[in-house]
Each structure stands twice: as structure tokens, then as C-alpha cells.
Amino acid sequence: MKTIEQLRSSPWTAWLALLLIALIVPLVLGGYLITILTIVCIYAIACIGINLLFGYTGLLSVGHSAFLGIGAYAFGLIAIRFGLGFWPSFCASIIISGIAGFLIGIPALRLKGHYFVLVTLAFAVIINIIMMAWIELTGGAAGLAGAPRPDPIPLPWGDVIRFQSPLSMYYFILFFLVIIFVVSYRLINSLVGKTFIAIRDDENLTQSLGINTMSNKLVSFTISAIIAGIAGALFASYNTVISPDSASFMKGVEIVAYLIIGGAGTLAGPLVGPLIMIAIPEMLQMVPEIRQLLFGIILVLFIIFLPKGIAGEVSFLTSRIKSQPRNV
Amino acid sequence: MNTTSLEISNVSKYFGGLLAISEIDLTIRPGELVSIIGPNGSGKSTLFNVVTGIHRSSSGAIRFNGKDITHMKPYQVTRQGIGRTFQQTAIFRRASVLDNVIIGQLLHTRTAVWGAIFNTRSTRRKEAQTREKARQILSFVNLEDKDSQIAGNLTQEAQKRLSIAIALATEPTLLLLDEPTGGVNIREIDGLIELVEKVRKSGISICLIEHKMRMVMNISDRVIALCYGKKIAEGTPKEVASHEQVVKAYLGECNAAPGK
């Protein structure tokens, strides 16, 4: 009995149950749902990156579409032009997005508040223009075709896991989502995460405690750029075609919006936001224009009435319910 | 041997055309408790902000333990061993009391991203040490039973104690306290004065901004009086209290005032 009680109260039980659902549901229901959930996973990864930066460090970047694009193009270009395999290209794309994040972070983080947001936006637009205009490198508006799927993984008993079917790609991307989720969980709960949160809550006080807030913000920015780059590379591998569209600056705004709706500064927020905002409109077969309109209205309503987002409000309510008996 | 801890010489600060502090000289020797008094707007907090690097001084030099800190950034000044509290009690309101003090110690715990991601043994050990140290500091300021509370829910008095605990966590040799009893219930002031004296007895020099004259007179070794950014008096509490210009300044008249 005691162990059941412990299992019930452990936060990991809920996460494992969620993972189990994520593993089984597409297997059972299949079809179009797999495509939707794959896209949800890719956005969730990008949202985790933005969550570290915006939710926990308090720095709002609407330009992370640039790092999605840099990750995707770096992966695709290295694989196609240099003929390297999936893993070398993938690792290189991670390193390149990290370096890009670091180099952009240095000047951008000197600015604060709205000015920082504007610089990230400008950066995203510039990167997008480069993708369109540098036709010899990127293929211009037509994009790049032929980004590789992951290499088949041989199993010890002779079978081989291939990544040609949508379902196998879904599991592959889900695997990365889980890893990145655990990494962000560990980071947030470490002293590094406490430093980020301290900067978010009171940068002046944090600085007066002998903490170099600039370098910590740069670390947070770089990590979030790397995570966005991973999301971009995974998308490139999944879609096999890369176009400037997939890194338009509106994507960067969307990621932030998903996070706000899901709950910035919460663990579940980056998962809940994309799930609700991508899966539901897809399943209702909404016309894109109406979707955009509703999306805007929902975002405004959330910012006014539920600024903590879905996950934030739920945890707020449950903590109130839990603390109720003590107050009485 | 150099026995001076903090040495402010001829420091001025302009905000645009406004002279906030003017040609201030001040030294604080190890183990000393020096109070800065003066009417509102006389430049007391500005002086703290210039020393700690929040504002850059317009002229003059600041040395600490023989090292030039005039142009250091706030975090670098803290690393030299100068801790501070703020007039508007600055704490991390959303974090727990214990976490507040843990954050205060972060400059002494090298945090590495890799260690955090892989949750290595040395990282966990470091975290445990930090937590232990934080509890010691909390018991020093008598907040040990409130460690799991959210800082923003503490009483004003407890928040003042916590802000001092956070500053102590940086392991300063000089502590700048900006109105540690400001906005606190009269009955609770004595407890905070006791804490300030306790900090001093532990070997930390203190520079105090304070309005409550009774407190200043009782605990200070020396008192500096500012008016319109100028030092108008310096000496023992008794000397300064009976200084003609200080009395006038507190009655609203100031010889240092421009145009008078």
C-alpha cells in the first residue's frame, strides 16, 4: 500500500504515464495522427528551448525561428553538399546553432526589454532573407531537397531499425523530446537553473550577489539556440525538404505563443502548448486563415486572463487545493 | 601595512547636470561601523550605488583593501568582498527562503552546465554543501524555522533579515546596509539592531545608512552627515549630533545648498 501511495505522489508517475500514452496512442490510432504528433514533438522541443530562455531566465526572444532555420539548413547542407551521413551532419548542425547563438547573444544581450526582443526579431528576418537570397547555397525560395533520414540502426539480433515510416520517425523525434525534456528538467533544478531564475526575478539583486548575469544570460541564450537548432535539424530530417518558409519569423512568434498558452516557466508548458494549439486545429480541419485569427484571439485572451498559461494555472489551482486544509 | 578597508577619495557623481554627490572623502577601517546620515535626497544611496558599481562615479577614486574598484561592475565589486542590501528590500520574492540564501552563495559555488545535466556526484555534493551553509546563515539571522517559506510571504522584518542573510552569503568583509530598519514596526527595530551588531562582532565592517538617530548614536563608531551631496560633518556620534550644520540640515536648512 505504501509503495502505491508513494507512486501516486511521485511527480514522475504522471510523466511516465504521459510518456506511455505518447508511445501507445499513435501505434493504436495511427494514420494522420502520427504526422500531427510528430509536428507537435518538434515544436515542443523548440518550446523547451524558449522556456529556458523566456520562462526561466526572463529573456523574450521572438527570433528563435532563426535557429530553427540555422539548424535545419546546417544539417541539410552538410548532408547534401558534403555527403556526410545523418549523425555527423546532425552533430555539426548542433554545434553550428550553438556557435550562432553565442555570437548573436553577445551583442543582443547588451540590450534589455523591448530592445532585446526587437533585435531577436530583426535577426530572424535577416536570417530568413539570407535563406531566400543566397540561392547558390540555400536554393532560395524553392529550398533544399534530400535531407537524409536517420541512418538505420542495426540491432544485436540481426534486425535493423529503419526510419522510413512516419511511425518510426515519430518515435525517433519523441526520443529526442524526452532527452531534451530531462536535460531541461535537470538544468532548471540545478544551481545553474537557480541562477537563471534569480536573473529573471531580480537582475540587479543577482548582480549585487557577485553573479555575472551577462555570462549566465549568454549561457541560457546559447542553450536555447542549440535546442531550437536540434528542433530544426529534426524537422529537416523528417520533412526531407527544407524551405525558407520553415524558418519564417512568424514561426519564432508561434513558438513563444505556444509556450505562453501552455505556461511559460513551467515544466509542462512547452508540451501542453503545442499539443493543444497544433493538434486541436488540425483535427478540426480548420481553414488556415480562421486558424490564424483564432490563434491571435486565444493568445490575447491568455495574456489577459491566464498569464500563467494552462500548466501554470493548473499547478496554481492544485497547490491551492492541497494547502486548503492547513488554512482552515 | 595597509589597515584601510574602504577608501573613497574625492568622489563626485553627476546625473546630467544634477550634482548628486560632491567630492566625498570617506574611509572605513576593518571592523568599524560607520553610519551615514542626512536628509532625504542628500546622496546617501547614490554613494552606495557608486561604491558598488551600479553608478559610475563622475570623478574621484574608490579603493578597497588597496585595490582600485572605481570602474568595476557590480558583480566584480561583490567578489572583492563588499556585500550590500537595498533600501527597497531586495529579495527573491517567489523563491523559498532557503533558495534565497543559496543564490547568495552562488559566486562561491562554481556551477557547470555539464555537471547539472548529468547530475554528477560532485555537483550533488556541492549542492548539499551549499544547502548546509545556507541553513547556517539562516540560523545566524534567526530565520532557520522559516527556510521553506516563500520569501514574499515573510513579514517586513523577516524580509529585512533575509536581505541581510543573502548579502552575508556572498561572504563579505564589508557590508553596506541601506536603511536596515526602514519600514519596520517600531517594536521589531531592536531585534534588527542586535542583528547588525552581531554581524559586526563576527568581524565584518559595516557601513550603515540610517534615519533613526537613536540607533545611529548607539551603535556607530563614526558618523558621516551628508547634505545636498556634500559631507557636512564627520566624527563620533556625539560630535556629529551637536554639529551646528547637522542640526540645521535636519531642520530643513542647509548651508551647502546651492544658491545659499
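How many residues does the contact take from chain A and from chain B? I looked this up first. The contact takes 20 residues from chain A and 27 residues from chain B. Two residues count as in contact if their C-beta atoms, placed from the backbone, lie within 7 Å.

I noted the basis. This is a predicted model, in which local features need pLDDT of at least 70, side-chain atom pairs count only at pLDDT 80 or more, and totals for chains, interfaces and linings use all residues. Residues are numbered from 1 along each chain as its sequence is written, while chains are lettered from A and ligands numbered from 1 in the order in which they are written.

(Ala, Val, Leu, Ile, Met, Phe, Trp, Tyr, Cys and Pro are nonpolar; Asp, Glu, Lys and Arg are charged; the others, Gly among them, are polar.)

Next, I checked a helix pair in chain A. Helices are DSSP runs (H or I, at least four residues), numbered from the N terminus. The axes of helix 4 (residues 65-81) of chain A and helix 5 (residues 86-108) of chain A come within 8 Å and cross at roughly 145 degrees. Axes are lines fitted to C-alpha atoms over the stretch in contact, and angles run from 0 to 180 degrees between N-to-C directions. Residues of helix 4 that meet helix 5 include F67(A), I70(A) and G71(A). The residues of this contact are 11 nonpolar, five polar and no charged.

Last, I looked at domains. An automatic or database assignment sets their bounds. Chain A has domain 1 (1-30) and domain 2 (36-249). Their C-alpha centres lie 28 Å apart.

Notes:
Helix = DSSP H or I, 4+ residues; strand = E, 2+ residues; numbered from the N terminus.
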